[in-house]
Amino acid sequence: MTNFFRIMTLALTTTFLLGSCKKRATPEEVALAFMHAIQDSNYDQARDYATKESQQVIQIYAIFDGRRSGAEREKIKNAKIEVVNIEENGDKAAVTILNSSAHQKEVLQMVKENGQWKISLTFDSIIPNYAPQTGNTFDSTTVLPADTASSAGAILPETK
């Protein structure tokens with residue numbers, strides 16, 4: 001009987017130890033999961049793969065994405081996403097993705113947050129020519145083109 005208890009204790013201990021050694025996702029796995037969530041317009045899932053600081057950028061991207069035509073959405077959804085390069089340096093990584101819908105390479109910057117790889121987005125990553133205004137303030141008297149007025153408050157940062 002004592003051998004039975006020893007074997008059961010060993011089996012339970014081994015199961016517990018192996019079960020608690022949860023595999024952490026690699027930068028490649030996180031990058032692909034993030035890109036597939038974006039392709040599917042699943043922004044809640046995409047936020048799971050992004051840093052806390054990137055949450056607002058994803059929200060703004062979702063607004064722009066909602067303005068796309070059905071044909072554009074379909075092209076994005078059907079695009080082939082392929083990882084072509086990974087550069088890892090300590091708690092930072094850069095994953096280069098080849099996106100067949102854009103016919104270009106995109107580099108996703110990543111950082112470790114609480115031990116897990118997360119996508120680190122900036123406004124530059126979704127608005128290539130984004131340059132924060134310095135010295136000027138944006139107020140309700142500023143005139144914007146009609147097609148940007150509805151989302152300008154979400155895009156333009158407040159400056160002091």
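In the predicted model, Gln 39 is located in helix α2. With a relative accessibility of 6%, Gln 39 counts as buried, since the cut-off for burial is under 20%. Leaving out residues up to four places away in sequence, Gln 39 touches Arg 73, Ile 76, Lys 77, Asn 78, Ala 79 and Ile 81.

The helix that carries Gln 39, α2, covers residues 27–39. Besides Gln 39, the buried residues of α2 are Pro 27, Val 30, Ala 31, Phe 34, Met 35, Ala 37 and Ile 38. Just after this helix, Ser 41 adopts a positive phi of about 55°. Ser 41 belongs to the loop between α2 and α3 and, at 29% relative accessibility, counts as partly exposed.

A positive phi is also found at Asn 114, a residue other than glycine, where the angle is near 55°. Asn 114 is placed in the loop between β3 and β4. In contrast to the partly exposed Ser 41, Asn 114 counts as exposed, with a relative accessibility of 67%.

Nonpolar packing was examined next. In soluble globular proteins, nonpolar side chains tend to be buried together. The largest nonpolar core of the model comprises 24 residues, and those with the most contacts inside it are Phe 34, Ile 97, Leu 108, Met 110 and Ile 119. At least two residues of this core are supplied by each of the helices α2, α3 (43–48) and α4 (55–66), and likewise by each of the strands β1 (81–89), β2 (92–99), β3 (104–113) and β4 (116–119). The largest share comes from α2, which provides six residues. Phe 34, named above for its contacts within the core, is one of the buried residues of α2.

When its neighbours within four places in sequence are left aside, Met 110 is in contact with Pro 27, Val 30, Ala 31, Asp 91, Lys 92, Ala 93, Val 95, Trp 117, Lys 118, Ile 119 and Ser 120. Among these partners, Pro 27, Val 30 and Ala 31 are buried residues of α2, and Ile 119 is listed with Met 110 among the residues with the most contacts inside the core.

A search of the whole structure for aromatic pairs returned one. The ring centres of Tyr 43 and Tyr 61 are 6.1 Å apart and the ring planes meet at 65°, so the arrangement is edge-to-face; the threshold for this class is over 60 degrees. The pair links distant parts of the chain, with Tyr 43 in helix α3 and Tyr 61 in helix α4, 18 residues apart. Tyr 43 counts as buried at 10% relative accessibility, and Tyr 61 counts as buried at 18%.

At the level of the whole chain, seven helices and four strands are present, arranged along the sequence in the pattern α-α-α-α-α-β-β-β-β-α-α. Of the 160 residues, 27% count as buried. The accessible surface comes to about 11100 Å², and carbon and sulfur atoms account for 54% of this area. Among contacts with a separation of 6 or more, 50% join residues 24 or more positions apart.

Key. Residues numbered from 1 in each chain as written. Predicted model: local features only at pLDDT ≥ 70, side-chain atom pairs only at ≥ 80, totals over all residues. Heavy atoms only, no water. Core = buried A, V, L, I, M, F, W, Y, C linked by side-chain atoms within 4.5 Å. Buried < 20%, exposed > 50% of the residue type's maximum accessible area, 1.4 Å probe, protein only. Contact = heavy atoms within 4.5 Å. Areas by Shrake-Rupley, 256 points an atom, 1.4 Å probe, with all protein chains shown as cover. Phe/Tyr/Trp six-rings, centres within 6.5 Å; stacked < 30°, edge-to-face > 60°.
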